Amino acid sequence: PDLSTGDGMWRSDDAGKHWRHIGLEDAQQITRIATDPRDPDRVFVAALGHPYGANAERGVFRSTNGGRSWQKVLYVDENTGAADIVMSPGDPNTLYAAMWEARQGPWENGAFSGSGTALYKTTDGGKTWNKSQSGFPSEDLGRIGLTVSPADPRVVYAVAEF
């Protein structure tokens with residue numbers, strides 16, 4: 001399959017000259033990073049997890065200290081990871097996360113998905129999340145990609161696989 005896995009998060013404080021590992025080793029697939037524009041040490045990470053099996057290091061993780069420690073702030077189950085996360089322009093406490101229940105088979109085109117796929121929103125910086133499936137089909141929902149309009153943060157765009 002056309003996927004790659006990694007060994008977690010890395011950080012550079014000198015525009016890429018030097019890098020240091022800052023955790024989330026078992027997330028394997030990190031799909032998006034959202035950084036607070038007012039505080040570079042406040043970071044949200046969307047972790048998809050193992051492509052071929054269940055694992056607990058999936059979901060949305062938050063660091064408030066530049067990656068020295070991580071909190072799992074949104075987790076569905078060991079089969080559902082975060083496919084995307086976006087921060088609302090002008091309000092770094094409002095974020096949208098797309099959770100995706102999916103796994104690859106060890107053979108070509110052996111993928112499956114499940115009922116854990118959904119869109120979530122937080123307005124308190126990740127302390128609480130509300131699930132929203134309004135407007136999406138209730139069955140056969142695949143990966144969701146997100147963006148928030150920089151011109152009008154009340155407008156959220158989603159592209160969804162069915």
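Reply:

**The core around V60**

In this predicted model, V60 touches F44, V45, Q71, K72, V73, L74, A82, I85, A97, M99 and W129, leaving out residues up to four places away in sequence. V60 also belongs to the largest nonpolar core. That core has 15 residues. V60 is among those with the most contacts inside it, along with F44, L74, I85, L95 and W129. Four of these names, F44, L74, I85 and W129, are also on the list of residues that V60 touches.

Strand 4 (39-47) supplies at least two of its residues. So much holds for strand 6 (71-74) and strand 7 (80-88) as well, each with at least two. Strand 8 (91-103) and strand 10 (118-122) each give at least two too.

L48 sits in the loop between strand 4 and strand 5 (59-63). Is L48 buried or exposed? L48 has a relative accessible area of 9%, under the 20% cut-off, so it counts as buried. Its contacts, beyond neighbours within four places in sequence, are A27, Q29, T31, R58, G81, A82, A83 and W100.

S134 is 86 residues from L48, with 23 Å between the C-alpha atoms.

S134 itself lies in the loop between strand 11 (130-132) and strand 12 (144-148). Its relative accessibility is 66%, so S134 counts as exposed.

G66 lies in the loop between strand 5 and strand 6. Its relative accessibility is 5%, which means that G66 counts as buried. G66 touches R11, I22 and D41, not counting residues up to four places away in sequence. G66 and R11 are 55 residues apart along the chain, yet their C-alpha atoms are separated by 8.4 Å.

S88 is in strand 7. At 7% relative accessibility, S88 counts as buried. It touches T94, V148 and P153, again leaving out residues up to four places away in sequence.

A15 and L24 are worth a look together. What is phi of A15? It is near 60 degrees, a positive value in a residue other than glycine. Phi of L24 is likewise near 60 degrees, and L24 is not a glycine either.

Their surroundings can be set side by side. A15 is in the loop between strand 1 (9-11) and strand 2 (20-23). A15 counts as exposed, at 84% relative accessibility. L24 is in the loop between strand 2 and strand 3 (30-36). L24 counts as buried, at 6% relative accessibility.

**The whole chain**

Now step back. The chain holds 13 strands and 0 helices. Read along the sequence, the pattern is one β after another, β-β-β-β-β-β-β-β-β-β-β-β-β. The radius of gyration is 16 Å, close to the 15 Å that the globule rule gives for 162 residues, so the chain is as compact as a globular protein of that length. Along the principal axes, the C-alpha atoms fill a box of roughly 40 × 35 × 25 Å.

How many of the residues count as buried? Of the 162, the share is 44%. Contacts in the chain can also be sorted by sequence separation. Among those between residues at least 6 apart in sequence, 42% join residues at least 24 apart.

The chain exposes about 8,700 Å². Carbon and sulfur atoms supply 48% of that area. There are 16 positive and 21 negative side chains. The centres of these two sets lie 7 Å apart.

Conventions:
Residues are numbered from 1 along each chain as its sequence is written. This is a predicted model: local features need pLDDT of at least 70, side-chain atom pairs count only at pLDDT 80 or more; totals for chains, interfaces and linings use all residues. Side-chain values use heavy atoms; hydrogens and water are left out. Helices (H or I, at least four residues) and strands (E, at least two) are DSSP runs, numbered from the N terminus. The radius of gyration is taken over C-alpha atoms; the globule rule is 2.2 Å times the number of residues to the power 0.38. Buried means under 20% relative accessible area, exposed over 50%, partly exposed in between (1.4 Å probe, protein chains only). Contact means heavy atoms within 4.5 Å. Accessible areas come from the Shrake-Rupley method with a 1.4 Å probe; for residues, only the protein chains shown count as cover. Lys and Arg count as positive and Asp and Glu as negative; His and the chain ends are not counted. The place of a charge is taken as NZ of Lys, CZ of Arg, CG of Asp or CD of Glu. A nonpolar core is a set of buried Ala, Val, Leu, Ile, Met, Phe, Trp, Tyr and Cys residues joined through side-chain atoms within 4.5 Å.
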